[in-house]
Structure formats: structure tokens, C-alpha cells
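Okay, everyone, thanks for coming. Today I'd like to talk through some salt bridges, so let's get the structure up on the screen.

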Amino acid sequence: MKSYRKELWFEVPGRCGFVNITGQVEQCLTESEVREGLVLVNAMHITASVFINDNESGLHQDYEKWLEELAPHEPVSQYRHNRTGEDNADAHLKRQIMGREVVVAITQSQLDFGPWEQIFYGEFDGRRRKRVPNYRRMIFHNSFDFHASYDIVDQPGI
Amino acid sequence: MKSYRKELWFEVPGRCGFVNITGQVEQCLTESEVREGLVLVNAMHITASVFINDNESGLHQDYEKWLEELAPHEPVSQYRHNRTGEDNADAHLKRQIMGREVVVAITQSQLDFGPWEQIFYGEFDGRRRKRVPNYRRMIFHNSFDFHASYDIVDQPGI
Amino acid sequence: MKSYRKELWFEVPGRCGFVNITGQVEQCLTESEVREGLVLVNAMHITASVFINDNESGLHQDYEKWLEELAPHEPVSQYRHNRTGEDNADAHLKRQIMGREVVVAITQSQLDFGPWEQIFYGEFDGRRRKRVPNYRRMIFHNSFDFHASYDIVDQPGI
């Protein structure tokens, strides 16, 4: 049994942005030499998300518009949190909709994904000019098992 | 230590529907012979959810109505994603509210649940006439440990 | 490899409330003697959440106001679930926004957290006068691994 941990760092130039990190997570998986197990991928910042959905830019624009409707950035004065001097209360709300983390099964050294699943880092408070450098961290963590068993039903199609 | 994986398949006749899969997950757990550990249950499609809540049909109707208010299907032209030829952008949004996966503790060969917890497969883009067959996959994955310790505080009631 | 389980109990006097449970989870971690692994922390009630965000009271007020807008408690007659005699349908909806559970990496016997991450128990149907006693349960569950490897990239800052 092994445990493997890696931090990934991102810089999102706009306030909101989605980064496809599937390739980086797969690279971590290769480095870890894990064959069977679970991987946890989570944002380490509380105004960002890690989530699984479609790698389609139109959908990402839909997400951004929709989240802005559900938790508008402006007026910043509508949020008590912003009385602390921040202007990112909306980002804390958006992150709850999109989630903090994903847990993915690893099967035969691969992410055990459906046909369209991709992992994204979602940033809702990028462009952190207040802090230099403005990198944002994400963690990759997994564990594995030597003795796997499979009981895959006859697959009628996808 | 063992790892066990099984795919379950569903067909939801309407666009939206909730299927109680608790019994199927318990069956997987029995087959896996896992006594202590974690189970990951996730949708493999990005317009579907696996979530834990109440097995009450009125509540499921409330969920359907509420999700339709938060992310309406019509007009389909309001979503950029639908310019790809799809009409399911709303389903990608609804899935984020309800979540992709659940992780459940296994204790003494049982799902370690509170009194009302049940696992549901939530479909937001069923009736996929475009694809035949229109089955939807879900994955069950777990691992376990021989040496468990418990520190259950005196339970004052539920 | 070890598995450790503990139940924590809470009583929230109002209908909605957020309890910072980070210290209690850290105490569980110490008791478990886990050095590397994953911890699952989940609510066992379906009108409550466990989530990770900021320990800032203004933000918690923002969450409460925002959730009330997205899923209003009144009028209770708007929800079919409430025809069962309950008045808590809105709490079942709010819980889906905030989530049921968190999975956190354990690294060198610590919760592997970013700089602001704290764990909260979120209650959306407290003040359960209908049931005595009105304690609410949460579960802590983890597992660990002796052989950890780290590949932490040079950290350019937080």
C-alpha cells in the first residue's frame, strides 16, 4: 500500500476561470505507480473548486453566467463578509455550488472515468493582485491496493 | 486489503428521475466481502448525480421543481452549450447542485448510515433517444481494512 | 493499516447554524494515530451538511441569507414533502447546496489543509422540538498507510 501526494499550482488571470487539469492528474497517477485505489483531488483555497464535467467551452461560459446569477459579485456591499475588507464573498458561495473536491477511482492504473468526464480547477476569485505571487494550490492524494477484484457486468453500451 | 469494483446500469424513461440504489449498493458491499473501509459511488455521466437524501417521493418532486427553477431547461437557446447541437446544458448545471459522487464509510460490513440516509441515482438528461441503447453507468468502488477500532461515544439518542 | 471511527454529536439551538468542528476532527485524528491517509467526515442526518470554508461569522450570515433565498422555508405549503407533516423540505434542499461530506487528506498526522480551510457542521433543521433528545450525529472515519511518498513542487508562495 502506498500513499502519494503532490501539489499543483495555478494562476488564473481573470476573476473566474476553469482549467482542465485532467492531464496533470493523470501525470500524477503515473508518477504514483498506483494501480488500484482512490484519488482525492481538492482545492486548497476556499474560493475555488475542483469538479468533474464536460470539456466544452460553451458550457464553461454557461457555468460562469449561471453562477453569477445565483451569487452575484456586485454590489459587493450586499455581503457581510465583504465588510472585512474583502470583495470575494460571492466566490465563497459559488465554490459551494461547484464543490471543493472530487474522489475518483483508479482502476488498472487509469482514472476510472465515464466517456466525457474531465477534471477542472474552477477559480472564482482569481486575479489576486493583493497577494504576490498569486498562485493557487491544489492537492492530489491517493492510495492503492494490490489485490483488486472486478465484477463488471456485461456492458450493454454507453 | 481488497479493492472491488462494479458497474451498475440504469435507464430512466423521463428527462429527470431519481432511482433508489441503496439495495444495489448493499448487494455490491456483500459481494465485495469488505468489512471496514470506504465506498465510492459515482455517476459516470456528467448530466447525472449520485446523492444521499430521503426516500420520499414528495421530496423528489420538490427537487425536480427546484432544480428546474435554478437551471431551467427552456428556452434551450439561453445556453451556449446547446449551440453544439445538444439540448442538455441545464442538466450539466443541475448535476453540480446535486453532486457527482458519495463516499460512505463501511463499518462491520454495513453502510455506516444515519437513520434516513438512502443513496439515489439522479438523472437530469434521461430519455436519450439519440443513443441506443440508452443505459447510464454508475460505478461502485471500495477498499477495506482488517484492523478497525471504534470509539463510539455514548449515544444520547438519534 | 488502520481504520478509526468516531461519532460526534451536536445540538444547534436555531433552525440554521454553523459549528466549527475543525478542533474536534483534529482531536479524532490524534486519537486515531493515523499518519497518512484519508478522512471522511459526513453528516448522518439528511437536513445537515459538513463542508469546508472560511471561519468568518459575516460569511456564515451570508450563507444563511443566500440559502434562504435559494430555498425559502416559507411558505411551507410550497413543498410536497411538507404534506407528510414535516416543515423541513427547504432544509433538504439547502443541504444539497452545501454538501453531505468532506474527504480530507492526512499528511504527517495533520489535516492537509490550505491556509484558510476549516470544517463546519451546517444545520438547516435544528431546534427539533419534535424529537427528544435533539442531538445530531456526525461521523469521522479514516484509514492510513505506512509508506508515504511526497513530491511537493517548490512552493512559489500561497
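**Salt bridges, within and between chains**

Let's start with K94(C), which is buried at a relative accessible area of 6%; buried here is under 20% relative accessible area, exposed is over 50%, and partly exposed is in between, with a 1.4 Å probe and protein chains only. Quick housekeeping: this is a predicted model, where local features need pLDDT of at least 70 and side-chain atom pairs count only at pLDDT 80 or more, while totals for chains, interfaces and linings use all residues. Residues are numbered from 1 along each chain as its sequence is written, chains are lettered from A and ligands numbered from 1 in the order in which they are written, and side-chain values use heavy atoms, leaving out hydrogens and water.

So who does K94(C) pair with? It meets E68(C) in a salt bridge, 2.6 Å from N to O, the rule being a side-chain nitrogen of Lys or Arg within 4 Å of a carboxyl oxygen of Asp or Glu. K94(C) sits in helix 3 (residues 89-98) and E68(C) in helix 2 (residues 57-70) of chain C, so the pair ties together parts 26 residues apart in sequence. Helices are DSSP runs (H or I, at least four residues), strands likewise (E, at least two), numbered from the N terminus. E68(C) itself is partly exposed, at 32% relative accessibility.

Next, R5(C) bridges to D112(B), with the closest N and O atoms 2.4 Å apart. That pair crosses between chains, from strand 1 (residues 3-10) of chain C to the loop between strand 6 (110-111) and strand 7 (118-123) of chain B. R5(C) is buried at 4%, and D112(B) is buried at 7%.

Over all chains, the count comes to 30 salt bridges.
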